[in-house]
Amino acid sequence: MLPITEPRTDRLPSEPSRRFSVAPMMDWTDRHCRFFLRLLSKNALLYTEMVTTGALLHGDTERFLRHDETEHPLALQLGGSNPADLAASARLAQAAGYDEVNLNVGCPSDRVQNNMIGAVLMGHPQLVADCVKAMRDAVTIPVTVKHRIGINGRDSYEQLCEFVGTVRDAGCTSFTVHARIAILEGLSPKENRDIPPLRYDIAAQLKQDFPELEIILNGGIKTLEQCQAHLNTFDGVMLGREAYHNPYLLAGVDRELFGSDAPQITRAEALALMRPYVEAHLRDGGSMHHITRHVLGLGTGFPGARKFRQMLSVDIHKTDDPLGLLDRAGELLEGR
Ligand SMILES: Cc1cc2nc3c(=O)[nH]c(=O)nc-3n(C[C@H](O)[C@H](O)[C@H](O)COP(=O)(O)O)c2cc1C
C-alpha cells in the first residue's frame, strides 16, 4: 500500500479543463490507452477506469494508481459509498498526483449495485452528498460526480434536481451527466448504454436550472461538430465509445475545441511515438497486445486499415518479432 502523504506541492492543484474529456471505461481506459490518447490531444481530460474503494484500499494500490506523468490532466474515478473509504481513496489519488477525483454514480452493473456502487446511488442523494463532503474534506483537488438522469422508479426531473441539489450542497460543483436513465433490473450494463433513450433536453434543463454548476454532457456524442454544438449549451462534453473506437478523432480536439494552432499529429506519427513505450513494456516482460489493442482504432477509414487492424489484433499473437510487426503495421499509416 502507498503511504498516505501530504499533498504534492510540485504541481499545485488547479481545476483541469473539462471542456472535452474521455469517459472512464472499465477494461478500456487503462494506463496504456491513456498514454496513447494523450499523444493525440494535449487538452483532453482523461479518466481512469473505475476503481472501487475496496480494491484500492485493500488490493494492489500501487498498480491501480499507476500512470505516466504525460497522462495529465488525469482524473481517477472511484466506485464506493462509504464516506471514510472514499476519503481515504481520494487522499491516495491526490498523493499519487491525480488532478481530480470522480465518484461513479452511473454504472448499472449488478455486481456494483450489490455493493451500493454506481447508479443505484442516485436513489440515495444524501449518502452521495456525505461521500462528496468526506472526499472534499480530505483533498484539495476537485471532487466531481458522474451520474445518470435517473434510475427506474426514480426518474422524474424533480428527483434529478433533488439529487443534484443535495450533492451541490455538499460542495460538488461539477457534474457529468450521462443523459439517459439506468434500468437497474433486467438490462445488462451494455444495454443500459443503448436502450434507455438519450435525453439531452433534460441535461440542458439541468444546466438552465443550476447555472452556477459545471454541467458536462455525456452519451452518444460522435463528432467534433456535435461537440461544438453541445458546447453552446453545456460547459463540456465527455466521449466514451467513439473516443475509443475512433481515437484519431482526438487529434482534432486541441485545434477545434481549444483553439490551438499546433499542427495536428498524423496517425503515423502517433504510432511512431508509441514505439519506445511498447519497447519499454516488452522489456518489463509485458505483452505487446496489452498496448496495441488500444491503437487498433487508428485503422479506420482508409485503404489498408483492415490489414492494419488484422496485423495488430491477430498476427500479433503469432509473431516472435512484435516490434517488427509494429513497424510493418506503421508503414500502412504512412501519409495518414
Ligand atoms: C467498456 C465500457 C466501460 C465503461 N466503464 C465505466 C466506468 O468504469 N465508469 C463509468 O462511470 N462509466 C463507465 N462506462 C460508461 C461511459 O463512461 C459512458 O458514460 C457511456 O459509454 C456513454 O458515453 P458514450 O455514448 O460516449 O460511450 C463504460 C462504458 C463502456 C463502453
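**View 1. Two domains in one chain.** The protein chain splits into domain 1 (20–253) and domain 2 (267–331), with bounds that come from an automatic or database domain assignment. This is a predicted model, where local features need pLDDT of at least 70 and side-chain atom pairs count only at pLDDT 80 or more, while totals for chains, interfaces and linings use all residues. Residues are numbered from 1 along each chain as its sequence is written, and side-chain values use heavy atoms, with hydrogens and water left out. Taken over C-alpha atoms, the centres of domain 1 and domain 2 sit 30 Å apart. The contact (heavy atoms within 4.5 Å) draws 16 residues from domain 1 and 15 residues from domain 2.

View 2. Together, domain 1 and domain 2 bury about 1,300 Å², with 62% of it on carbon and sulfur atoms. Buried area here is the accessible area (1.4 Å probe) that two parts lose on being put together, summed over both. On the domain 1 side, His32, Phe36 and Tyr248 give up the most area to domain 2, together 41% of what that side buries.

View 3. Between domain 1 and domain 2 the count is 1 salt bridge, a term for a side-chain nitrogen of Lys or Arg within 4 Å of a carboxyl oxygen of Asp or Glu. Arg293 and Asp30 pair up through their side chains in a salt bridge, at 3.7 Å from N to O. There are also 4 residue pairs in polar contact between domain 1 and domain 2, both residues at pLDDT 80 or more. A polar contact is a pair of N or O atoms within 3.5 Å; within protein, one must be able to donate a hydrogen and the other to accept it, and residues adjacent in sequence count only if both atoms are side-chain atoms.

**View 4. Around the ligand.** Of the 17 residues around the ligand, Gln77, Asn218, Gly220, Gly240 and Arg241 come nearest; a residue counts as near if one of its heavy atoms lies within 4 Å. A polar backbone atom of Gly220 is 2.7 Å from a ligand oxygen atom, and a backbone N or O atom of Pro24 lies 2.8 Å from an oxygen atom of the ligand.

**View 5. A cis peptide bond.** His72 and Pro73 are joined by a cis peptide bond, with omega about -5 degrees.
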